[in-house]
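User: Hi! Could you walk me through this structure with some questions and answers?

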Amino acid sequence: MAPKPIKGINPFRGQDILSVKQFDRENLRYLFGLAEEMRIIVERVGHSNLLQGKVMASLFYEPSTRTSSSFIAAMSRLGGAVIPINEVVYSSVTKGESLPDTVRTLESYADVIVLRHPEVGSAAVAAHYCEKPIINAGDGVGEHPTQALLDLFTIEEDHNRVDGLSVAMVGDLKYGRTVHSLTRLLSLYNVKFYFVSPEILRMPPELIEEVKQKGLEYEELEDVSQVIDKADVLYVTRVQKERFTDLAQYDAVKDYYVITPEIMKRAKQTMTVMHPLPRVGEISYAVDADPRASYFRQMKNGMYVRMALLTAVLGRA
Amino acid sequence: MAPKPIKGINPFRGQDILSVKQFDRENLRYLFGLAEEMRIIVERVGHSNLLQGKVMASLFYEPSTRTSSSFIAAMSRLGGAVIPINEVVYSSVTKGESLPDTVRTLESYADVIVLRHPEVGSAAVAAHYCEKPIINAGDGVGEHPTQALLDLFTIEEDHNRVDGLSVAMVGDLKYGRTVHSLTRLLSLYNVKFYFVSPEILRMPPELIEEVKQKGLEYEELEDVSQVIDKADVLYVTRVQKERFTDLAQYDAVKDYYVITPEIMKRAKQTMTVMHPLPRVGEISYAVDADPRASYFRQMKNGMYVRMALLTAVLGRA
Amino acid sequence: MAPKPIKGINPFRGQDILSVKQFDRENLRYLFGLAEEMRIIVERVGHSNLLQGKVMASLFYEPSTRTSSSFIAAMSRLGGAVIPINEVVYSSVTKGESLPDTVRTLESYADVIVLRHPEVGSAAVAAHYCEKPIINAGDGVGEHPTQALLDLFTIEEDHNRVDGLSVAMVGDLKYGRTVHSLTRLLSLYNVKFYFVSPEILRMPPELIEEVKQKGLEYEELEDVSQVIDKADVLYVTRVQKERFTDLAQYDAVKDYYVITPEIMKRAKQTMTVMHPLPRVGEISYAVDADPRASYFRQMKNGMYVRMALLTAVLGRA
C-alpha cells in the first residue's frame, strides 16, 4: 500500500542515525520503500540473509525491552548477529570507563552500534568518536528517531499518504519525546495538527514556532472530544499524575485523554489510533479489537523500519 | 533406543504448550519420536537448519539459567534466532505494562514466545491474547510442562518403555511442581507409584485421587530405604528445611531422603536416579559416576524435547 | 605482517584454556598464525561459517562487558551461536548450585564454555568436572589467559617480532593480573623488561625470580620518564589511589605513570603504547590520535585471538 520504493542511491550507507533532523521527504521515501520491502520479506518468507556475517552491538545503558527486542529481531531476521549489552551499569561504567572508550571498543567487534543512553547528546558524542555507524535508540529527553520514523511509516501505511491528513497529538505534549520528534517529521508534509493536552502540558513554544514557520495549520485544545470527529490520526500518549502539583487539576482533566469505545463511536471510520506503548489506562483494552487501533501494527512496523535502517547504514541496500 | 517415531500429522502445529493436561499417549509418542530425531541430529551432525529464519522470544520474568539456556540452545541448534529478555522486572513492567500488551508486542517481532512468570495461570493469559504459540516455561506453583516432558522422555530413553515400571517419587511431594506434573503424565501409563516423603510434605490429596481413579497402584512411605530395592526409577527432589516449623522433626527425617553410594548398593542394577536440579546435598556427588545416575542425561534430553516442541509448534516437523 | 602460520597438527583440539602456563613458543606460533587468518577473514569477508552449528555458553559470574562482547563477537563472526548467561548470581547460584553442577548442565547444551568467575582456581575446577572445553575468561586474581595472549599477539603484530624487544610494564605491578600473565608469556622470548611502579606496587618477588631464572634482563624503576626513550613497548596499567594508605605518597608519584603527548615526544617512533582498558586517566585522550597508541588495535586483536582459540579447541582448525 505504501508508495513504490524509489530505486536509487542509498543515502544512509555508513551514516549515523542520530536525529529526525537528518530526514527529508526524499530520504524518507527511500527508507520507507525499503521498510515496505522488509515487510514483504517477513510476511512472505520470514527472513533473509542480507546482513549475514554482520554484527550489531546493542548497547543499552537503560533498559527498554521494546526497543532492544525490536532491534534484535530486525537484525536476526536479516541473518545478522547481535551482541546484547544490557547490564552496562554494573560493568565497565562502574569501573569508570567513558562512553567514547566503550564505543571505540565495541566498534572493534561490531559493524554497527545501537545506543540507548539516559543523557541528551550522548549519541552524538558516541558518533563523534566512532567510525562505524551509531543508531540512536533514545538519548534521554533528547531524540528517539527510530520511534518517530516507525510512527510516520505507520501513518503512511495506514492512510496510504501523509499530505492532507489531520493529526491529533494527545496527552503530555510538553515532555513527550516521541510527540516532539513525530511533529518535526510530519512538518515535512502538508498536515493539520491538533495539539490536545492539559494546560500545564502544552506543546513547547519552540515546536509551535517550527510548525508556524512551515506555514502549517494547528489548533491547541484541552479535550479529545473536541477533535475526535475531525482527526485522521489520534496519537495518544500518557498524562502522568506526577506532572501535576495540584491534584484537583489532574482529576478535573484526566478523563479528557482516555480513549474508550464510546469516544471511538464519534471518530471517522478511517481514523487510526496510535500509541508508542507502554500504555497505562489511556486507551481502554476494549478498543484493541477495533480495526482502527493501530498500536500493535506500529510495533510490527517498528521492526520493518529498523530492518531497513540496519540494511541501509550497513550498505547492503 | 526409544520407539520409532510415528510419522503422521503434527498435532502441535501452531499450538500453545501450557499444561501437561494437553498430552496423551498418542501425541507424546509423536513428540518423543521427534525428540529422538533431534538427539540423533545433535549427536551425529551437531545442528540443523530446520528453524532458520524463525525467531523465539525468551521472556523470563524470573531467572532460570537452566531452562532459559536449554531453550536458547534448542533454538540455536535448529538454526533459529533468539530475543533474550531477562531483565523484565527492570523494564516495561516497572513502567506498569500488562502481560497481554508485552506478549502482543513480542509477537510482532517473534514467531514463538517462551514464557517464565511467577504467577499461576500467566501462561494461559498470555496465550489468550497472543496469536503466536506460547510455550509455558513455568508459571509459579502452576505448571512447568516441558520439565515433565523431558522427565518422561528420559524414563522412556533409559528403560525403553514406561508401562510396567515402578516409579518412586522422593522428597517434597507437597509443593514440588515437577513431581505433580510428572505424576500426571505417568498416569497415562501403567506404572506403580511409591510416594516417599516426610509426613508434612505428602502428595496432595487431589493428585492421589487422580492416581486412584486411573486404577493405578501406589504406596505412601517415609523412607527411601523402604523402596530402594523395588524402584525402577528414583525421582529425587529436595526437602527444604524451611518447610518445617519443628526443626527436631526435620532432623529426625532428613537423612531418609539423601541418596548415597551406600543406599545405591541395594538398588536394582537397572534402576535410574533422576533429579530436576539444582541439587543441594540430596544426592551425594559420589553417586555421579554411577551409570544409573541419570540427572545429567536429563539435561541433554531437555534440549532434545525443547527442540522437538519448537519444531512442532512452528510447523516445521 | 605476522609470521606465516605453521600448518600442522592443532595442539588445542578439545583442550581447556586455563592458564598461560600451557603455552610455549611452538603452540603460540600455531595460535597466532590462526589468529592472523582470522584477521584476514574479518577484514576481507567479515565472517565465516567455520563454527556453524556450534554453541558457546558464555558463563559470567561477574560482569565484564569487554571480554564477554569480544567472545560473543568472535563466535558470531564464525557462524556459531551463543548462550549468554550474565545474571548467574540471581539464578541457580542463589538456589545454591555448585559450579561443577552448573558446568555439567551447560555442557549438555553447549560445545564450549567460556567462564568468568571471581574465585582463583574456579576455571580449573570447572574443567575437572566438564568434558567439553573450558576457556578461562578470568578467575579472580588468578589468570586471564586470553588477555595475555591478545597482548602478546598485538606486540608481535605491531613489531613483527618479539625477540629483542624492550618491554616496559607500567603502573600497578603488584596486583595487576594482566601484567603478571603477560610477563610470563614474554619470558618465553628474549626480551628486556623495565618494571616501572611505585615502591609499594612492585612486581612480586616470585615473578622477578622467574624472569631471572630464564636469564632475562630486567630493571625496576619508579618513573616512566626514565625508560620512555628506551622502550619498544609501553604496557600501561592503572595505579589505584585506594592502594595507598599514605595519600601524600600517592600524590608524590601519581604523575610518574600518566602518559601524555609530552612524554610521547621522547619515545621512539616505533614504540607502541598498550593498555588492557578500561583506562581512567592514565593515558590522556590526546594520545589516542598518535599512531603509536595501540590499545584499540588490542581490542580488535582480542577478537581475532578468541576466534582462533574457539576454532582450535572446537577442532575446526
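User: Which elements do the buried residues of α4(B) pack against?

Analyst: Happy to start there, on a predicted model in which local features need pLDDT of at least 70, side-chain atom pairs count only at pLDDT 80 or more, and totals for chains, interfaces and linings use all residues. Residues are numbered from 1 along each chain as its sequence is written, with chains lettered from A and ligands numbered from 1 in the order in which they are written. Helices (H or I, at least four residues) and strands (E, at least two) are DSSP runs, numbered from the N terminus, and two residues are in contact if their C-beta atoms, placed from the backbone, lie within 7 Å. On that basis, the packing partners of the buried residues of α4(B) are α3 (99-109), β3 (112-117) and β4 (134-139) of chain B.

User: Within what arc do the buried residues of α4(B) fall?

Analyst: Buried means that 20 or more other C-beta atoms lie within 10 Å of a residue's own, exposed means 12 or fewer, and partly exposed is in between, with C-beta atoms placed from the backbone. In helix α4 (residues 122-129) of chain B, the buried residues are B:Ser122, B:Ala123, B:Ala126 and B:Ala127. They line one face of the helix, because their arc (taken over directions from the helix axis to the C-beta atoms), seen down the axis of α4(B), is within 135°.

User: Is B:Leu314 buried or exposed?

Analyst: B:Leu314 sits in the segment after α10 (295-313) of chain B. Leaving aside neighbours within four places in sequence, its contacts are B:Leu51, B:Lys54, B:Asp111 and B:Val112; B:Leu51 is 263 residues apart from B:Leu314 in sequence and 8.1 Å apart in space, C-alpha to C-alpha. Because B:Leu314 has 23 C-beta neighbours inside 10 Å, it counts as buried.

User: Which element gives the largest share of the side of chain A that touches chain B?

Analyst: In this contact, 22 residues of chain A meet 23 residues of chain B. Two or more residues on the side of chain A come from each of α2 (65-77) and α10 (295-313) of chain A. The largest share, eight residues, is given by α2(A).

User: How many charged residues has the side of chain C that touches chain A?

Analyst: This contact takes 22 residues from chain C and 23 residues from chain A. Ala, Val, Leu, Ile, Met, Phe, Trp, Tyr, Cys and Pro count as nonpolar, Asp, Glu, Lys and Arg as charged, and the others, Gly among them, as polar. By class, the side of chain C has ten nonpolar and eight polar residues, and the number of charged ones is four.

User: Is C:Leu277 buried or exposed?

Analyst: C:Leu277 lies in the loop between β9 and α10 of chain C, and a cis peptide bond with omega of about 0° joins C:Leu277 and C:Pro278. Phi of C:Leu277 is near 60°, a positive value in a residue other than glycine. With 21 C-beta neighbours inside 10 Å, C:Leu277 counts as buried.
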